[in-house]
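Here is a short report for a first look at the model. It covers salt bridges and a pocket.

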Amino acid sequence: MKSFAKTIKLFLKSPQIILAYLVLLGVSNVVFFDIYKAFVAEYEEWGEKGTDAIYFLGDMGYLCCVFFVFWVFISYEYFRKSKEAGIQENLDCLGVRGSMFYLHQLGTLLLAVLVFTANVSVYMIVGYFRLHFPPVLTDQIFKTLAINVFLLSVGAVFCGSAISQIRNRFAGYGVALALSFLMIWELLEPIAGGLGLGGNVLHVLRSFLSFLPPDIGMSHDALYGMPFESYRIAIIGIWIVLGSIWILRKMCIRSKNAMMVAMCVCVVLLAGLSERAWNRGSVLLQGDSPQSALMECLIDGKEPEDLARSKAAGFEVTGYRMELRIRKELSAVCRVELAENNAQSAENIAQSAKNIALGEYDFTLYHCYRIKDVQDDKGKKMEFRQEGDYVTVKGNGEAVKEITFYYEGGSNLIYSNSHACFLTGIVPWYPKAGFQVFTEERRIKWKEEPLVTFDIGLDIPGEVVSNLEYADGRYKGKTDNALFVKGFLDEEYYKKTNVVCYPMQRDTYRKAKMIRDGELQQSMDQWMEILGGEKEPVADKKVICIPLSTAFSSRMDEYYETDSYILAGIGISPRELIRWRLEKTGRSELKDLFYELLPFESFDEVDVNELLVYKEAWGAEDYDKKDELHDTVVQKIRDAGMQEIMKRIYARITAEDYEGNLDADLEFAGKL
């Protein structure tokens, strides 16, 4: 006990160490208090409208970088104390007794970490009660304190411990600085961006070595919650083992056998932790790294539209029977029931299925899912080729009624793990007939699909929301696509309203109310009256709010309507509904221009004199027919007024005989 007391005194009497610790406490308290004060002020002004819990926790995550840097410095300096004045040599002579000094040093640092964690917990707990956060946040606050504060600090302590064994002091600081750059994305990004392939190597190293919270600067996902995946804990474990090796060697300095056993245990632990850190499965990543949701649409570095293919299938899919298991990612056995393209009724589908013997069967499956095997209805293997989002299964010369796919994988956008999932059929997470284009300029598109039957067994911890009926342990129904949503959603509210909202993002409740109370319908009717269009009811379907995260905001539109549910973003408005209804029948340059010029709120807000004319702004060098159409319409708006011209255009693009021909649209624009 005396030895432990001495190490505490050593900590307190080392000027650079105690000063760094006090600065860490001071900076943390000042920043946390400012965050708390800002959220309280917002709450007092707007009530629940301005206190989204996900942002309260997300803002506190910014300080994790500060935690890491300070704890590495403190640990590095503290463990170097035993190297000074020949102390280490004397301790080594004592064997196990001498190594106890290092353990007491470690205990002193862990005690300091506990004091620091307790300090941070005060702001978390007070904020929880003062801002009236939902009970679901209890779990998130506990994990924030346990992982982002305590374990993160412990990991940084062991990083400093490992670096302290570098003999040269300045070399040690150089390694600590390099490690800080590798850990903190904001420091690494400018370097990685300018290194080309070398930058990709830095990304890989960082993904394997960094245990700081990902996506600190991104807008967080209220369905997924804060990222506390086990791979981060595994990486912290790696650093703890690495930082412990030198202490274990000191403890076993007089016994080669004991040292061999200790090193073997460390190697086994490192192998197990490394496997978990590397094979992380489906997690939400939103940064600009090659693994993120923003970049996963790229296939071999190419944009999705460069690889997009459209090809009709020589068959129809009439149903799916699936066995799904979701843990760290999705594992699926998917049986696809086939029929001839020209099957006219339910009665002859079974007969037509017997006659399908194609040379190739084309499917679309999101490229994040890896196919392991394909079999026919008799259990025979079928050769297949998976290229990006497209799968070609080679026929075996026999009639096939059913093709079974065995695949697994996980997307960082439409994530699926035991903690949360957002599997929506607008992204083909199960094989769909033919080659389909579902992304344009990195935005996810959706077109109407035929109704098919689903029979799905889902093995996932906890409750999920689906557009399929649940009975006898299976999800069944007939719809155009299957949906599964799980995470921090309000199940009680969903049971009452059939709307999926998120307690940590209160904007979703206001948007749901807008849809259910008819406010959106009323606004839509007013727009149709102005544009001279037919008033269409907003469908009374299950509503799934799209989380307001950076990933979803950058890849998804604000509105999608399927046969059985609606995906609605926070920014859903009549403007987005109009866009959706126009694009259902296909896109054209005139439709795109109409949406581009359509005001966000009202026609009164538009100053037509400020509308851009491309030829005047950019010159005639790259001027094409699309630009000519734009300038012609803008000039007509300046002559006749925005509302009148937009009304005429809307009548044209919604007409049943509208073909979307650019030359015809140019001629039409000239006569407006």
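The text below takes the salt bridges first, then the pocket.

This is a predicted model, in which local features need pLDDT of at least 70, side-chain atom pairs count only at pLDDT 80 or more, and totals for chains, interfaces and linings use all residues. Residues are numbered from 1 along each chain as its sequence is written, and side-chain values use heavy atoms, with hydrogens and water left out.

The structure holds 34 salt bridges (a side-chain nitrogen of Lys or Arg within 4 Å of a carboxyl oxygen of Asp or Glu). Three of them are listed here.

| Pair | N to O distance |
|---|---|
| E583 and K445 | 3.9 Å |
| R579 and E583 | 3.4 Å |
| R510 and D507 | 1.8 Å |

R579 and E583 sit four residues apart in helix 19, about one helical turn. Helices are DSSP runs of H or I with at least four residues, strands are E runs of at least two, and both are numbered from the N terminus. Salt bridges with shared partners join R443, K445, D557, R579, E583, R587 and D592 into one network.

K445 is buried at 11% relative accessibility, whereas E583 is partly exposed at 22%. Buried means under 20% relative accessible area, exposed over 50%, and partly exposed in between, with a 1.4 Å probe and protein chains only.

R510 and D507 both lie in helix 16, three residues apart.

Which element gives the most to the lining of the second largest pocket? Helix 15 does, with three residues. The lining has 23 residues, and E463, V464, V465, S466 and Y494 lie nearest the centre. A pocket, on a 1 Å grid over the protein atoms alone, is an open set of points where a 1.4 Å probe fits, with protein on both sides within 12 Å along at least five of seven lines; lining residues have an atom within 4 Å of a point.
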